[in-house]
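I opened the notebook to write down what I looked up, one entry at a time. The sequence and the model come before the entries.

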Amino acid sequence: MLVNKKIFLLALSMVLILSVGLLGCTTEEPASQDQTSETETEQGQQENRKEDEGVSNAGEGLHIATSFSILADIVQNIIGERGQVEYVVPIGEEPHEYEPVPSDFKTISDADVFYVNGLDLEQWLEKVVSNVTDTEMVSVSEGVTTISLVGEDGTDPHAWLNPKHVITYVEIITEDLIARDPAGEEIYRQNSEQYIAQLKELDAWIEEQVAAIPEDHRVIVISENAFKYFGERYGLQTEGIWELNSHEEGTPQQIARVVDLVKAQGIPAVFVETTVDQRYMQRVAQETGVDIAGEVYTDAVGPAGSGAETYIDLMKHNVTVFAEGLTP
Ligand SMILES: [Zn+2]
């Protein structure tokens, strides 16, 4: 696996050196952005582009690339009609282990700035990108009080699952957009204020929903232990079969630990994510007799028609699924 990855990265670097060479011969005018749009085949990117059709021909405004779809939605709320936002990891895939395709690097190279979550979420991408593009990469999680992984070294990257931390993301993005496009300051600040107000409303709403769950049922059992920031904010215990999608997933020992825990604590429901292999949690459900109460979104927004197409809607969806599953 590691060897395959190395070969893949080597091949990718070669493609990239070639494409950067080509870019160097042409211009980086907005016209090249339209070309990118035509050659992209990822469904998620097509969907994302649809929202931006209103500005895609304007040839003005900032072109923003983000690593994953949740971050693209957050940026979209701040930039509004004044620029375009694209993301790299397609909806339905998770950003930890994603393997970029050459068109992703064109997306990043063509952008004015590349926003990433940081906290080692996209470590694979940062390494490659730093060698192949001049596009500045900005981590939007600077200043967030981080939570360590459980039982191993490292930081949990899923800070966005606490809306309070997303407010930090918004503040960093807003200042960065203003620095790049000072003429848009008023618009960015206005959009940012409105969005922060919505995030505060979301935060208060989640508090109410969690308060209605019986105290001894406030526990989230999930495949990847991604809800630590959420659990810390709202007072829920969080347990994953595994810690991070980029680590070993679903070993017999990991499954046995969660099965024992669910039985010992009398946990009424378990959950699965949209972006992971659900067979491991199905094993937990079978061995404990506890139902999988629903699907939640952690690392990507939902597809069109899911009701979870935005960050705020995916959080509402998740909390509704948790509350229904954990309340008798
Ligand atoms: Zn994750």
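Which residues does glycine 325 touch, not counting residues up to four places away in sequence? I found Ala269, Phe271, Ala293 and Gly294.

Before going on I noted the ground rules. This is a predicted model, where local features need pLDDT of at least 70 and side-chain atom pairs count only at pLDDT 80 or more, while totals for chains, interfaces and linings use all residues. Residues are numbered from 1 along each chain as its sequence is written.

**Entry: glycine 325**

I placed glycine 325 in helix H13 (residues 311-326). Helices here are DSSP runs of H or I with at least four residues, strands are runs of E with at least two, and both are numbered from the N terminus. Glycine 325 counts as buried because it has 22 C-beta neighbours inside 10 Å. The cut-offs are 20 or more other C-beta atoms within 10 Å for buried, 12 or fewer for exposed, and in between for partly exposed, with C-beta atoms placed from the backbone. I also checked histidine 217, which is 108 residues apart from glycine 325 along the chain; their C-alpha atoms are separated by 9.4 Å.

**Entry: the loop between E3 and H7**

I looked up two residues with positive phi that are not glycine: leucine 119, near 55°, and aspartate 120, near 70°. Leucine 119 is in the loop between strand E3 (113-116) and helix H7 (123-132), and aspartate 120 lies in the loop between E3 and H7 too. Are they buried or partly exposed? Leucine 119 is buried, with 21 C-beta neighbours inside 10 Å. Aspartate 120 is partly exposed, with 16 other C-beta atoms within 10 Å.

**Entry: the largest nonpolar core**

I read that nonpolar side chains tend to be buried together in soluble globular proteins. A nonpolar core here is a set of buried Ala, Val, Leu, Ile, Met, Phe, Trp, Tyr and Cys residues joined through C-beta atoms within 7 Å. The largest one has 79 residues, and Leu71, Ile74, Val75, Tyr115, Ile173 and Val221 touch the most other members. This core draws at least three residues from each of domain 1 (2-203) and domain 2 (212-326), with bounds from an automatic or database domain assignment. I followed isoleucine 173: leaving aside neighbours within four places in sequence, it is in contact with Ile74, Val75, Ile78, Tyr115 and Val140.

Technical notes
Contact = placed C-beta atoms within 7 Å.
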